[in-house]
Every structure is written in C-alpha cells, then in structure tokens.
Amino acid sequence: MEVIYTPAVTEYLILFDFDETYYPHECLPEQLKMVYELEEYLQQLARNHQVKIAWVTGSSVQQIQAKMKLAGMTQLPHFIASNLGTEMWEVEPDGQLVTVPSWAKIIRASGFSRRDVEDLIRELKSTFNIVLHEQTQFGQSGNKMNYYYYPVSAARTQYDISIIRQLAANHGIGININICNPKAGDPEHAYDVDFIPAGTGKKAAVQFLMDYSQVPLSKTLAFGDSGNDIEMLQMVAHGYLLQNATAEAKSYHNNIAPYPYAEGILHVCRNFFGE
C-alpha cells in the first residue's frame, strides 16, 4: 500500500465515509475503474492544493485492509478514524498507522466500559422488554459495541429508540442509531445500534481532525451515504451525500451529488477545485 502524498502544509481537508461511499461493496468493474481514477486524482489534489484525506468509518482497520485488497486499491489516506471514529490513526509516509495520543486521551477520559454497556443491554430487556441483538458477524472492538434492533411497529420503534438513547445518556455512554444498509452487509429492516465512548463518534472525529490539521471550516469537504454520516456532513462547509445514499440519509440531508460512489466524489471535487 502507498500513502497519498503528504503536503507540508494542510490547506484543505476532505473526509470520506468508507463503506458504500469510497468503497463500493459490489466491486463492479466500472465502479472500481472510478475508484482507481479517484485515487490518482486525490494524489493530484494533495500535491497541487495541499489537501489531506481522512476516512471516517464504522469499519475496523482490519476490515478496511481486507476490502482494499479485494478491490485492488493501493492508496491509503492521511488519517483513518476507524470503528465509528472511536480510533484515530495517522498514516505515516511508509504506510505505518500510528495512534494519535491526544485522541487516545479522550477515549481514556470517557470511562467507557464494556460491562456498563452489557448492564445497559440487560436493563433494556428486563425493564422495557427491548431486545438488542449483538452483531457477531463483524466482531466487537474495544471501544465500540454493535447491536441490531429489529422493529415491530412504527410507533413502538420510536418509543424504543428514545428509551435506548435516554438510557445511554444516563449511563454516560455515546450512541449511534441509524437504519441499516444491506449493501454494506447488514440485514434488511433493522437498525444499527452502536455504543461508543462519550465524546467520540464521526462528528467528534471530524471536529478533532479539523483542529488537528488546523484547517478552516471553509476549506472542508465530506462525503457519505447513510444516516450515520449526517452529523459528519453537517460539521463541514461542503457536505455531500452520494446518489447511492440511503433513503433515510436523503430525508435528512438535501445536498446530494448527481452520481454514485467515486464518480460522484470526482464530479463534486473537480467542480470545487476548478479542475
């Protein structure tokens, strides 16, 4: 793996969700052709406009590496905020991933505990008859615990989600809830429920990277495809959903690229940078 050219000074920051945004799970030939074109184009942006790139994703580093290999991708970004922004990696020019100490400090200060999450899950079931199903197919990370919620009815779903959010807040635990995207390997008609350290997540990761890179808000762009990207898109000056975004995401955010996946990213960036 190579690393996108690292400019000495950062003028712009572009943030991408990974799954179904930068990386298309179908890996169709025409999709991958656009991904390779995007990789080359981002190299040009880094050299010509002092752009740095970040992936802000629910996937783990190991999952990202496996998907990159499957797709034949060769370019690593400058930053990877993995496991829903609960891990922060800076990618060195030799491709080595190094943890960012100031982000690790935020994680430690959160007091996040797997036991606290397990207690919350038991309380949901025993007190409110709300059952969450562990996402065993993807594995659990140290700072993110993933579950599925299967809705029964629209009214009950809204009630249950409000209870889940309230209990998480009561326990001092961060949370992300959004409708699943089957294209990314999730079941249909289910919700992702992710428990994370307080003060982390995609929104917090984006703010951290903006401060860390000392990039002004006006020179930030972001791209996503699902409900858990909305806060990230709203954190930057220029946030775009791609044409392949979920219906849930499009109901929350109306700035949508005219094309899907890498094709949409290239269209927006070429217009923005006048290329």
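How many bridges join β5 to strand β6, and in which sense do the two strands run? Four bridges join β5 to β6 (residues 87-91), and the strands run antiparallel. The model is predicted: local features need pLDDT of at least 70, side-chain atom pairs count only at pLDDT 80 or more, and totals for chains, interfaces and linings use all residues. Residues are numbered from 1 along each chain as its sequence is written, and side-chain values use heavy atoms, with hydrogens and water left out.

Helices (H or I, at least four residues) and strands (E, at least two) are DSSP runs, numbered from the N terminus. Two strands pair if DSSP finds at least two bridges between them. Leucine 84 lies in the loop between β5 and β6. Its phi is also positive, about 65°, although leucine 84 is not a glycine. Leucine 84 counts as buried because its relative accessibility is 4%; buried means under 20% relative accessible area, exposed over 50%, and partly exposed in between (1.4 Å probe, protein chains only).

In a regular strand the side chains alternate between the two faces of the sheet. Strand β5 (residues 79-82) sends Phe79 and Ala81 one way and Ile80 and Ser82 the other way. All of these are buried. β5 also pairs with β3, in the parallel sense, over three bridges. There, alanine 54 has phenylalanine 79 of β5 as its bridge partner.

The nonpolar interior was examined next. A nonpolar core is a set of buried Ala, Val, Leu, Ile, Met, Phe, Trp, Tyr and Cys residues joined through side-chain atoms within 4.5 Å. The largest such core has 38 residues. Ile14, Phe16, Trp55, Met73 and Phe223 touch the most other members. β2 (12-16), α1 (29-49), β3 (51-56), α2 (61-71), β12 (220-224) and α9 (261-273) each supply at least two residues of this core. The most come from α1, which gives eight. A second, separate core of 25 residues includes Ala81, Val100, Leu233 and Met235. Contact means heavy atoms within 4.5 Å. Leaving aside residues up to four places away in sequence, Phe16 touches Tyr22, Leu42, Ile53, Ala54, Trp55, Val56, Phe223, Met232 and Ile265.

Aromatic rings were then paired. Rings of Phe, Tyr and Trp (its six-membered ring) pair if their centres lie within 6.5 Å; planes under 30 degrees apart count as stacked, over 60 as edge-to-face and the rest as tilted. The count comes to 16 aromatic pairs. One of them joins phenylalanine 272 and phenylalanine 273 edge-to-face, 4.9 Å centre to centre and with 75° between the planes. Phenylalanine 272 counts as partly exposed because its relative accessibility is 29%. Phenylalanine 273, at 10%, counts as buried. Ring pairs also link Phe16, Phe18, Tyr22, Tyr23, Trp55, Phe223 and Tyr240 into a cluster.

Charges also lie over rings. The criterion is NZ of Lys or CZ of Arg within 6 Å of the ring centre and within 35 degrees of the ring normal. The charged end of lysine 219 sits over the ring of tyrosine 12, 5.2 Å from its centre. Arginine 270 places its charged end over the ring of tyrosine 41, 5.2 Å from the centre.

Helix α3 (residues 101-110) has two sides. Its buried residues are Trp103, Ile107 and Ser110. They lie on the same side of α3 because they cover an arc of only 60° around the axis, taken from the directions from the helix axis to the C-beta atoms. Pro101, Lys105, Arg108 and Ala109 are exposed on the other side. The cover over the buried residues includes β6, β11 (191-197) and α6 (202-213). Glycine 111 follows α3 and has a positive phi, near 70°.

β11 also belongs to an open sheet of four strands, in the order β8-β9-β11-β10, with antiparallel pairing. β8 (133-134) and β10 (173-179) are the edge strands, each pairing on one side only. Five bridges join β9 (residues 145-149) to β11. Among the residues involved, tyrosine 148 has aspartate 192 of β11 as its bridge partner.
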